[in-house]
Amino acid sequence: MPAPTDDDLLLDVARGDQAAYAALYDRIAGLVYGIVRRVVRDPAQSEEVAQEVLVEVWRTAARFDPDRGSAHTWILTMAHRRAIDRVRSEQASRDRTHRVGQGQQQREYDAVSEEVEVAFEHEQVRAALATLTDLQREAVELAYYKGYTYREVAELLDTPLGTIKTRMRDGLIRLRDAMGVAS
């Protein structure tokens with residue numbers, strides 16, 4: 001007795017024959033996975049899609065019409081379509097996530113507003129520095145704009161360290177007051 005064809009097995013599956021489904025599964029599961037894997041590429045997602053296809057074969061076997069094509073073609077076409085659907089779904093999901101991410105980023109960060117705010121703060125600092133004495137401004141600029149330590153500022157200005165600390169303290173207090181910062 002010759003082995004049943006895929007078409008015969010699928011027609012038996014349509015009548016609820018579980019043994020026919022097991023035999024058909026053994027024949028096509030590897031092919032289904034291979035088709036899906038070529039399209040989806042991700043092994044875990046490929047296994048998931050292949051499983052969905054094989055469950056769909058069981059559920060929809062009654063729709064198979066041997067006059068329209070072979071069981072082999074019917075099943076592999078189903079696998080290919082499911083794989084394409086999965087890729088499209090994943091791409092749409094990534095696009096949605098990307099759009100949402102961009103939308104949130106744009107709402108949280110306004111480049112023009114940020115630029116205006118920074119420019120305003122720079123102007124405030126320049127105006128506040130103008131209120132300092134020349135000695136205070138020189139010490140503050142060396143320490144805060146050129147990165148020198150108080151000791152290095154004292155050496156550069158050939159001034160005792162205690163005097164530099166006093167100039168810095170007085171200068172910073174004056175800056176704080178000029179910028180309207182509460183102490």
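The largest pocket has a volume of about 280 Å³. A pocket here is an open set of points on a 1 Å grid over the protein atoms alone, where a 1.4 Å probe fits and protein lies on both sides within 12 Å along at least five of seven lines; lining residues have an atom within 4 Å of a point. The volume is the space filled by probe spheres set on the points, which are joined across faces, edges and corners. The model is predicted: local features need pLDDT of at least 70 and side-chain atom pairs count only at pLDDT 80 or more, while totals for chains, interfaces and linings use all residues. Residues are numbered from 1 along each chain as its sequence is written, and side-chain values use heavy atoms, with hydrogens and water left out.

The lining of this pocket consists of 13 residues, and those nearest its centre are Arg 63, Trp 74, Thr 77, Met 78 and Arg 81. Helices are DSSP runs (H or I, at least four residues), numbered from the N terminus. The most comes from α4, with five residues. By class the lining has five charged, five polar and three nonpolar residues; Asp, Glu, Lys and Arg count as charged, Ala, Val, Leu, Ile, Met, Phe, Trp, Tyr, Cys and Pro as nonpolar, and the others, Gly among them, as polar.

Arg 86 is also placed in helix α4. Arg 86 counts as buried because its relative accessibility is 14%, the limit being under 20% relative accessible area with a 1.4 Å probe and protein chains only. Its side chain makes a polar contact of 3.1 Å with that of Glu 52, the term covering N or O atoms within 3.5 Å, one able to donate a hydrogen and the other to accept it; residues adjacent in sequence count only if both atoms are side-chain atoms. Helix α3 contains Ala 50, which is buried because its relative accessibility is 7%. The C-alpha atoms of Ala 50 and Leu 31 are 9.4 Å apart, with the two residues 19 apart along the chain.

Helix α2 covers residues 18–40. At its start, a side-chain oxygen of Asp 17 comes within 3.0 Å of the backbone nitrogen of Ala 19. A kink of about 45° is centred on Ile 28, taken as the angle between axes fitted to the seven residues ending there and the seven starting there. Ile 28 is among the buried residues of α2, including also Tyr 21 and Val 32. Just after α2, Arg 41 has a positive phi of about 75°.

Definitions and conventions
Helix = DSSP H or I, 4+ residues; strand = E, 2+ residues; numbered from the N terminus. Expected span 1.5 Å × (residues − 1). Buried < 20%, exposed > 50% of the residue type's maximum accessible area, 1.4 Å probe, protein only.
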